[in-house]
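Please read them alongside the sequence and coordinates.

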Amino acid sequence: MNPDPNHAMTEQRRRFLTSAASGLGCAAISSILQHDGLLADEANPLAPRESHFAPRAKRCIFIFLAGGTSQVELFDHKPKLEELSGQQIPESFREGIRLGQTGWNAPIMESRFGFKRYGQCGMELSELLPNIGECADEICLIRSMHHEAFDHAPGELELSTGIDQPGRPSMGAWVTYGLGSESQNLPSYVVMINHRSPNSRHMAWGNAFLPAANRGALLRNQGTPILNLATPDGISPEMHQAQLAAMNRLNRLNYQRTGDPAIAAKIAAYELAFRMQSAAPDLIDLSRESKTTLSEYGVDRSGQEGVFSRNVLLARRLVERGVRFVSVFQRKWDHHDAIAAKLPIQCHEADQPIAALIKDLKRRGMLEDTLVVWGTEFGRTAITQGNWNNAGRDHHPHAFSLWMAGGGVRGGCVLGKTDDLGWRVVEDPVHTNDFHATLLHLFGLDHKRLTFRYQGLDVRLTDVGGHVVEKVLS
Amino acid sequence: MSKSVRNLVAIVLCASHAAAAQDQPIDFARDVLPIFRAKCFSCHGPKTTEGGLRLDTRRRALLGGDSGSTIIKKESSKSELITRITAEKNDGRMPPKGEPLSNRQIDTLRRWVDDGAKWPDKLAGEDRPSQHWAFRRIDRPTVPDAGVENPIDAFIISKLKAHKLSPSKRADRSTLIRRLYLDLIGLPPSPEAVHRFLNDRDDNAYAKVVDELLSSKHFGERWARHWLDLARFAESDGYENDRIRSHAFRYRDWVIDAINNDLPFDQFTVDQLAGDLMPDATDAQKIATGFHRNTLWNSAASADKEEFRVRAIKDRTETTGTVWMGLTLRCCQCHSHKYDPIAQREYYSMYAFFNRTDNNDTTVGGRGAQTLKSAKRDSFVHRRGNFLSRGPKVEPRTPAFLPKLETRGQQPDRLDLARWLVNPDHPLTARVAVNRYWQHLFRQGIVPSPENFGQNGEQPTHPELLDWLASEFIRLNWSRKKLIRTIVMSATYQQSSHQQIADCEINGTTNATCVDPPNRLLWRQNRLRVEAEIVRDLALSVSGLLNLKMHGPSIVPPFPKGLGDFRLNNETLRQPGGGRFRRGIYIHVQRTFTFPTLAAFDAADGNEACVRRDRSNTPMQALTLLNDPVFNNCTSVFGKRIQRLGENKDERLTSAFEICFAREPSTEEMSVLHTLVQSQKDAGADEDEIWRGVARTMLNLEAFITRE
């Protein structure tokens with residue numbers, strides 16, 4: 001067996017540097033480690049890495065409206081539903097379609113809300129999304145999303161990880177695995193939730209088999225923003241400093257004793273943790289945001305509305321600080337009943353801050369390389385669920401809508417068509433794998449080359465499918 | 001023209017040619033092979049295997065493709081081979097591009113099939129599998145003469161010599177005892193145990209420690225955790241409801257006991273895969289079938305029950321492949337394996353064994369238990385992996401490239417399958433198992449891809465050693481403890497893990513650190529960061545908080561707030577009092593929510609078989625050790641303990657250091673510790689705070705969570 005000569009060279013250089021550095025302070029060791037590309041992987045698993053080709057997006061804010069947003073009320077206007085409202089769905093629409101809890105005898109129901117044309121492009125969107133409508137010229141709406149996953153957890157996993165079962169890394173983990181982080185003092189992938197987790201919970205931002213540093217860090221809504229960030233009571237900053245200094249010295253002595261470069265990497269990890277301790281409180285301190293900004297996002301709103309607004313504003317603050325990927329989950333869109341009553345409440349919560357985010361990013365010149373996504377796990381049926389007066393809609397993965405803005409996406413664009421009932425895709429179908437291929441493409445990553453060898457397979461976010469949807473690129 | 005008319009025409013057209021050549025019998029080499037070569041191999045050969053069909057080897061050609069048999073001997077009219085070459089262009093004619101076969105060629109193939117598709121042995125073709133090292137029978141290799149007694153050392157040293165390297169010296173006794181304790185029982189040695197060992201002048205001092213640890217009940221806890229990773233053990237369903245499985249712990253306890261009792265690995269296998277089918281199955285054997293009961297379940301109201309049942313059966317199939325054979329079967333759900341000789345149909349034949357299982361909620365020994373039971377169900381190939389798209393029916397069978405399955409009755413069952421796996425003739429089971437033990441004791445397996453022994457996996461660094469260990473494992477009647485003893489008694493295991501900090505530009509050709517930096521040749525031991533559960537066990541142990549109670553329902557330690565809702569509100573899960581400081585293996589495993597402390601250190605999430613854990617290094621780990629309430633609790637309690645360890649600073653610092661690292665601090669280390677005490681005092685810390693600070697410092701050292 002011949003050891004890999006490239007590896008040997010890397011090792012030699014690393015050894016030289018670390019031994020040369022052993023006479024220096026710890027900060028010096030780790031800064032040498034971090035600035036040397038050869039050492040990046042070992043000392044800092046999130047050191048920035050080159051993309052495959054020039055990226056259009058450098059960061060992403062993925063807003064996940066969990067539960068399944070209704071395309072027929074919000075994004076995909078179907079006048080035919082008015083005509084057929086109350087009738088059963090024609091036979092010709094049934095083939096190859098699986099239903100969930102609702103049955104074929106459930107009647108068709110027209111959209112409970114009107115549509116309007118927005119922006120110069122004249123994009124048709126729901127009257128419930130007037131603020132997002134103002135951003136229509138920045139948005140690329142995809143009306144032809146589809147996949148096969150039926151329930152919430154599998155659907156969320158499909159959207160988040162590319163397959164509908166547990167065990168794969170989330171897209172945020174893949175992106176940070178591919179590109180590393182631009183932040184020197186925050187995790188590269190940060191997640192926020194409102195009062196409840198999504199159904200797939202931590203798997204929606206998990207790292208699966210990718211290195212743990214790529215796992216989404218959940219920004220908490222109580223306690224310290226990052227888990228275990230605060231030094232315990234009774235340890236003063238001076239004592240903490242003294243302890244960290246002793247740790248560094250003792251670790252270095254052990255490095256000299258054992259010669260194991262993993263110790264240098266450990267020293268670097270403690271430094272990053274230390275920087276995080278000061279950066280995170282600054283992150284969540286909104287006192288320096290202007291009053292205008294706060295009210296634009298609606299941070300002053302009460303209850304859950306205010307929480308969501310704050311999360312969306314924090315998302316901007318995170319990407320501003322170099323965080324690569326931010327997921328904001330908002331979970332209340334599963335309208336099996338009373339959609340007419342519930343949908344306006346959810347839209348009111350979501351519309352204002354999301355629109356504010358797009359406008360704010362644009363003002364700051366960040367929209368062009370920040371991708372904003374309105375995502376959801378599936379759409380909803382054109383037929384009803386429950387009794388007519390209080391009707392809702394069931395899960396519908398066969399055709400649904402989502403949109404993207406900024407980050408190299410063509411603004412004012414509508415892609416894909418569904419049939420007269422918003423039931424099946426008839427033009428430009430975009431499978432989840434295609435969507436992910438496109439998202440990675442915007443980041444300058446070739447979805448077929450971003451792989452990780454696991455259980456004998458070169459696994460990728462797009463599983464075994466995926467085509468970049470050229471039409472959404474600007 | 002319809003297909004049947006087209007065929008009729010073909011037959012008529014062919015008749016004249018056939019008659020002309022009838023007097024001359026078909027010769028495979030002269031008549032058939034050239035047609036295959038010219039028309040078929042480019043898509044159905046070694047490089048490309050369209051539709052799972054290969055025509056370049058006899059075995060694969062007769063096995064057929066993903067959609068079923070291709071050649072049915074003596075029945076050309078029923079053979080897909082003939083149907084396809086005579087089909088209409090738009091009706092799936094082969095070859096799809098280029099000129100169709102001539103009538104004469106069609107006639108030749110038809111007659112060849114009708115004549116019994118004779119294919120001489122010498123042209124049976126290289127079917128590569130028998131060539132692949134891992135698929136060959138395990139022959140006990142001759143131990144090389146390297147002037148050492150232990151066969152493991154002989155294999156290692158002879159290879160090192162070939163690279164002009166020599167092994168490292170034996171690690172010092174402090175390192176050795178801590179290494180043994182962490183590897184074998186996952187707990188630190190007490191200072192008394194260390195002193196006893198340091199002062200034991202008996203030649204067998206080391207062996208005594210080994211034997212003591214192998215018979216410790218904590219050995220089972222340590223090594224059960226490795227197995228639970230493979231068993232994707234968890235205590236909830238997964239998916240959105242993620243309901244709690246309150247009896248799952250009984251399987252976990254079975255594994256602990258089986259390992260403590262040194263249940264031979266062959267029986268261990270049979271019990272888990274088919275314990276319920278054993279004549280007079282014991283309670284333990286029924287509980288053991290919990291292995292495959294660990295599959296996920298989606299209890300959402302809208303979930304399609306059959307869809308998720310099928311997923312679970314596929315998981316059973318694939319997990320069996322991964323855990324016992326190091327085969328990656330998942331890709332065969334949709335198509336034949338790209339690298340290994342496993343056709344899609346063979347996958348579904350393996351699936352057929354498990355498709356005859358159902359979940360069984362029952363009582364065993366008077367208590368609730370979740371086990372497997374047999375069921376009757378036919379199995380079919382799922383076209384493109386879609387369970388709604390049924391292909392040909394399949395019977396339970398094992399892949400043809402592996403040894404023949406022996407069946408007890410007419411229909412092979414899980415018990416036959418389990419026994420087949422542990423038949424000493426099976427080339428994979430023993431190799432795959434010993435490789436994992438090696439991996440746990442050296443950080444990396446002899447085969448660096450423990451999950452993949454197939455043709456796309458990595459080559460073993462020491463193939464003869466692997467085979468020797470595999471044959472030794474079988475010779476030792478599959479005794480795990482004896483095998484592990486054999487390995488840890490080797491000088492290879494006992495080497496120092498230190499490496500020299502060398503300037504390779506000056507002495508790069510002789511220094512092992514420069515010649516073999518990743519240490520593939522094992523010129524030293526590897527230092528390794530211990531697993532998540534052990535990180536926690538260590539901190540609890542040195543502080544004296546660790547509760548060593550074994551077995552029983554899992555504990556749910558206090559969960560940090562503000563991380564969402566976890567469906568862990570079931571109060572019955574909570575253990576009163578000290579229960580929360582039990583060992584990590586007893587922490588409740590919720591599939592959609594890994595306990596954050598464990599997740600930070602790469603614990604398995606129980607969603608699928610985990611063959612090797614990552615050993616990452618992240619700032620989140622630093623924050624956990626520095627500030628997590630459990631570790632903070634440990635440092636406070638340890639700080640108090642340190643104050644009871646001696647009258648003066650020196651005594652306290654030395655004893656505390658020994659408790660954590662099983663060795664005395666060096667002069668330089670003592671000086672750093674003294675500085676620490678002083679600077680805390682200068683910062684106004686009182687006695688309790690000072691010693692808590694010392695404790696916190698020690699628990700956060702890289703060495704604390706590292707096995708050297």
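**Notes on the predicted model**

1. A:Cys140 touches A:Trp403, A:Met404, A:Ala405, A:Val409, A:Arg410, A:Gly411, A:Cys413, A:Leu415 and A:Val472, leaving aside residues up to four places away in sequence. Here and below, contact requires C-beta atoms, placed from the backbone, to lie within 7 Å. The model is predicted, so that local features need pLDDT of at least 70 and side-chain atom pairs count only at pLDDT 80 or more, while totals for chains, interfaces and linings use all residues. Residues are numbered from 1 along each chain as its sequence is written, and chains are lettered from A and ligands numbered from 1 in the order in which they are written.

2. A:Cys140 is also listed, with A:Ile61, B:Val434 and B:Val694, among the residues with the most contacts inside the largest nonpolar core, which has 301 residues. Such a core is a set of buried Ala, Val, Leu, Ile, Met, Phe, Trp, Tyr and Cys residues joined through C-beta atoms within 7 Å. A residue is buried if 20 or more other C-beta atoms lie within 10 Å of its own, exposed if 12 or fewer, and partly exposed in between. Helix H10 (residues 262-284) of chain A gives the most to this core, with 12 residues. Helices (H or I, at least four residues) and strands (E, at least two) are DSSP runs, numbered from the N terminus.

3. Chain A contains 14 helices and 17 strands. Its C-alpha trace spans about 80 × 55 × 40 Å along the principal axes. Buried residues make up 59% of chain A. Of the contacts in chain A with a separation of 6 or more, 74% join residues 24 or more positions apart.

4. Strand S9 (residues 379-385) of chain A is largely enclosed by the rest of the structure, because 7 of its 7 residues are buried. It pairs with strand S10 (residues 392-396) of chain A in the antiparallel sense over 4 bridges, where pairing requires that DSSP find at least two bridges. A:Gly379 has A:His396 as its bridge partner in S10(A). The hairpin of these strands has 6 residues between them, and in it A:Gly386 takes a positive phi near 85 degrees.

5. Which parts of chain B meet chain A? In total, 87 residues of chain B are in contact with 71 residues of chain A. Several helices of chain B each supply at least two residues of this side, including H15 (305-325), H29 (667-682) and H30 (687-699). The residues on this side of chain B divide into 31 nonpolar, 34 polar and 22 charged. In this count Ala, Val, Leu, Ile, Met, Phe, Trp, Tyr, Cys and Pro are nonpolar, Asp, Glu, Lys and Arg charged, and the others, Gly among them, polar.

6. B:Arg414 is found in helix H17 (residues 414-421) of chain B. B:Arg414 is buried, with 24 other C-beta atoms within 10 Å. B:Arg414 touches B:Leu273, B:Ala274, B:Leu277 and B:Phe353, not counting residues up to four places away in sequence.

Note on methods. Contact = placed C-beta atoms within 7 Å.
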